[in-house]
Amino acid sequence: MHNPPHLDGAGLPGDGALTAFAPRLRASWQRSRGYGVAPDHVEPVFTGAVDRESLFYECGREVLQGLRATLANEPVSMMITGSDGLVLCRMSDDPSVDRALDRVHLAPGFSFAERNVGTNGLGLALADRAPTLVRADEHYCSDLRGFTCAAVPVLDPCTSDLVGSVNLTTWSDASSALLLALAQAAAGNTGALMLARGHGSRMSPSVPRGEVFRVQPGSLAEQELPRPLSARWTQAVERARLAMARGDVLAVVGEPGAGKTALACLARRAARPRVRLLGARPPGDTDVEAWLGLWSPELAKDDTCVVLEAVDALSAWVAGRLADVLGAARRPVTAWAPAPLQPYVVTAERYDAIPEALRAHVDSVVEVPALRRRPDDILPLADLFARRHRGRPIPFTPAAARALSDHSWPQNARQLERVVRDAASRTDTIDVQHLPAEVFTDGSRRLTRIEQVERDEIVRCLTEPGTTTARAAARLGMSRATIYRKIAHYGIQAPGRTPRGRD
């Protein structure tokens, strides 16, 4: 029988009470704390567009329809979600369950990723890529403790990429003995059906567009870093804060993944600490009015700021429609507010890529330096990403830290976070063998699939503890001359590799 933990005054279990949880649940609760998820209510994260054209959606929905006949008289809601936790489809024959799920926003178009609502069945299944059962008080958010959820990830049968999950939810006082087994069977049947129908079809759902979400206090923009970031970053934050304090409409520009939204949020909180921050990502052309309806009313609230991401991706007519809304929302200078904080910020890759209709509203521009231009930030961010993912500090060996510091990170902090999260999922101390081949190559040339396999295998051998170049060559069946030629060809800079002539 499950025993709920002892809760503290804030509705959260103390660290001692968490020891009663299984390790995966305990780690998830710790991550949820780090994300700053509200423990007493669900903060809805909604997107105006759900992809219903993917092979995964088609097959998953068909499998759930078959399961629905089996569970016709049971209080069970069946769902499929995308790989990011977005609920794509929900079906049930119990109106009371549907009403209850609507109240907590567990419905199509809403995201239930762990970082949005804390520990829950489908969020944890996606985070760990493992079948998951979360009962009653094991949920992080008290709004969800009336439910028990079983979820199983679904992988693309051809590429093994995560495409989503199958989730079954029932009341917390109902029997859950068969719930996980049913979810596993449905996920397996979905993967098998995808394989059978996969030729010539799109295997993975497209990234949802038009997402509107609250920037949680536990995001990168809010978390305490293990050490201060570089002068380049802090100076950019300060320039953004000063522009906001002058009453300017700000555009934050920079390379993809460099941290534009994070910088905008830090600067706005520095200008007004108790501000509510919303993020809004570009919609599809057919979803514009619904997208605007989700967040534009928030522009009238003094305690809210909307960060409009990637406005350079908007078509001209959508940008024009958005410009009308933003123009009407701009706060004027008055005797009582000579420098009013504006209710929105925009981000783009380059200022000159912002559609002309929106550029007319921009007063100041601040650039976020690429990660390669602020190498001192790499290790503090890596420490943060690892701690955020595992809920506690995860150390790096000197060789791994050197490899991360030496890489140019062409995809910036987004790439660093992906690499570190993957490594931290597999070990308690990150060493070079836990890092992908991309960290040890310059990435300046496009490789064929065969070349990628060869490069990755060379890097794997070179990063094994105690391996010299000569031993790696022998293990790969190559001569020393060949492996040195391959190392130069792929631009491999594996740490610990003995220079030529020394091994």
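pLDDT is the predictor's confidence in each residue, from 0 to 100, and a contact means heavy atoms within 4.5 Å.

This is a predicted model, in which local features need pLDDT of at least 70 and side-chain atom pairs count only at pLDDT 80 or more, while totals for chains, interfaces and linings use all residues. Residues are numbered from 1 along each chain as its sequence is written, and side-chain values use heavy atoms, with hydrogens and water left out.

**Confidence**

Colour the chain by pLDDT. The mean for the protein chain is 86, and 89% of its residues reach 70 or more. Next select residues 1–11, where pLDDT again stays under 50; the model has 19 contacts beyond four places in sequence for them. Where pLDDT is low, the predicted coordinates should not be read in detail.

**Salt bridges**

The count comes to 32 salt bridges, each defined as a side-chain nitrogen of Lys or Arg within 4 Å of a carboxyl oxygen of Asp or Glu.

Go to helix H8 (residues 231–245) and show Glu 238 and Arg 241. Helices (H or I, at least four residues) and strands (E, at least two) are DSSP runs, numbered from the N terminus. Glu 238 and Arg 241 form a salt bridge, their closest N and O atoms being 2.7 Å apart. The two residues are 3 apart in the helix, so about one helical turn separates them. Glu 238 is partly exposed at 34% relative accessible area, and Arg 241 is partly exposed at 24%. The classes are buried (under 20% relative accessible area), exposed (over 50%) and partly exposed in between, with a 1.4 Å probe and protein chains only.

Now select Arg 246 and Asp 248, whose side chains meet in a salt bridge of 3.2 Å, N to O. Asp 248 is buried at 16%, whereas Arg 246 counts as exposed at 51%.

Move to Arg 388 and Glu 417, another salt bridge, at 2.9 Å from N to O. Arg 388 is buried at 6% relative accessibility, and Glu 417 is buried at 18%.

Then show Arg 24, Arg 31, Glu 114 and Asp 128 together: salt bridges that share partners join them into one network.

**Aromatic rings**

Select Phe 21, Trp 29 and Tyr 140, which form one aromatic cluster. The whole structure has 5 aromatic pairs; rings of Phe, Tyr and Trp (its six-membered ring) pair if their centres lie within 6.5 Å, with planes under 30 degrees apart counted as stacked, over 60 as edge-to-face and the rest as tilted.

At Tyr 351, look for Arg 359, which lies over the ring face at 5.9 Å from the ring centre. A charge sits over a ring if NZ of Lys or CZ of Arg is within 6 Å of the ring centre and within 35 degrees of the ring normal.

**Positive phi**

Finish in two loops. His 105, between helix H4 (95–103) and helix H5 (114–117), has a positive phi of about 65° although it is not a glycine. His 105 is partly exposed, at 23%. Arg 129, in the loop between helix H6 (121–128) and strand S4 (132–134), also has a positive phi, near 55°.
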